[in-house]
Amino acid sequence: MTYDKSQQIFETAQTLMPGGVNSPARAFGSVGGTPLIIDRGEGPYIFDVDGNRLIDYIQSWGPMILGHKHPNVMKAVQDALEKGFSFGAPTEGENELATLIIDAVESVEKVRLVNSGTEATMSAIRLARGYTQRDVIVKFAGNYHGHVDSLLVAAGSSAATLAVPNSPGVTAGTSQDTLILTYNDSEGVKQAFTEHGDRIAGVIFEPVVGNMGCVIPSSEFLQTLRECTTASGALLIFDEVMTGFRVAYGGAQSLWNITPDLTTLGKIVGGGMPIGAYGGRADIMNHVLPAGQVFQAGTLSGNPIACAAGSATLRELRDNSPYDKLDTLAETLASGLASAAQSAGQTCCVQRVGSMMTLFFNPGPVNCWEDASASDTEKFGQYFWGLIRKGIYMPCSQYEALFVSAAHTEDDIQNTISAAESVLANI
Ligand SMILES: *Cc1c(COP(=O)(O)O)cnc(C)c1O
């Protein structure tokens, strides 16, 4: 395998775009080396510009749950293209996608379509603040909700206190209305509500974390979040941008049997086109302009092509539910990776929910950011590059989840396990 063309193109890209990319994770910063430049995808595979074929476990970071170029999604997009790209006026396709979302996600009675997961979370917290007329948003260390200023924060020096900016450009003023807590720490949540409850507008969190690697909430933690928010009049926001239509058709909330007030969606709901959505109880959603007073708008929101791709993807997931197949393939992969690591004498743990999982170079269990950040990221980098050379494209960071798609075959999974056995034995 050679990567000459990728390297050449990336060199040019670095003169054109900051770091050569349009989203930082793509630059391979945490595993070293230069990224592969992708030419095309087909089912579970992607092909780089040098002609290398790779089994794809990134799937555009989640959206491609049906694999690349699913025929029904292609057809829906082609039909939509024939009608024109965007009108800035209502189209019937928006009703279709909204209906699919409302029927699938039990807590969502009304939904607003936006253009990205970031827009969805930004709008949901604005709505939570507008609805409750309070200022403070609670988030958890290691959870990612897009690049919303007030959520780009890190824990301050004392635990469970007001946040500090973790990006230049985020002002102290913005971050001071965010409270940052430890994931799976029920006591910390209770204490925060005791101290600040009457100022808290909402709690936003990932109901299965993907963005510090795959981390699973305890039922006690979930219960505490629901009870504390209800008791204080704050809104509970499930950020299901990654988990929605991924861990189950009804999202993580259908697995955990906890009903959020608001839900944010993205990734799979666009089937690979740029889209996001936020929704929830009708009486809360009716506070959004023009039904209510909370401002939120978008020139391209509800874009016809994106709606067509999203609706075709959701219809396929609803009508030919691949979730049992995904679970079986993912279980095979998870146990294969775990035993490969064990045979090779590596200290690892695999954490999985449905078709998302992470192999942590860490004895585990990983329950929060402090646990996750103790992983051996240098080893992870060696593992990542070892697999690339064997034609396996894993997420390029220890702190991401890998995804299995409905297009992956048993053979793809077995080939991945064999490759991992050999890589793990030699790092
Ligand atoms: C990807 C992601 C986002 C951000 O979505 P973008 O479309 O990248 O803006 C927000 N929340 C979670 C949980 C995500 O995984």
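Between domain 1 and domain 2 the count of salt bridges is zero, a salt bridge being a side-chain nitrogen of Lys or Arg within 4 Å of a carboxyl oxygen of Asp or Glu. The model is predicted, so that local features need pLDDT of at least 70 and side-chain atom pairs count only at pLDDT 80 or more, while totals for chains, interfaces and linings use all residues. Residues are numbered from 1 along each chain as its sequence is written, and side-chain values use heavy atoms, with hydrogens and water left out.

Domain 1 comprises 4–65 + 322–424 and domain 2 comprises 71–319, with bounds taken from an automatic or database domain assignment. Between them the two domains bury about 2100 Å², 67% of it on carbon and sulfur atoms, where buried area is the accessible area (1.4 Å probe) that two parts lose on being put together, summed over both. In domain 1, Tyr323, Val353 and Met356 lose the most area to domain 2, together 30% of what that side buries.

The largest nonpolar core has 71 residues, and those with the most contacts inside it include Tyr383; such a core is a set of buried Ala, Val, Leu, Ile, Met, Phe, Trp, Tyr and Cys residues joined through side-chain atoms within 4.5 Å, buried meaning under 20% relative accessible area, exposed over 50% and partly exposed in between (1.4 Å probe, protein chains only). This core draws at least three residues from each of domain 1 and domain 2. Tyrosine 383 touches, among others, Leu337, Phe361 and Met394, not counting residues up to four places away in sequence, contact meaning heavy atoms within 4.5 Å.
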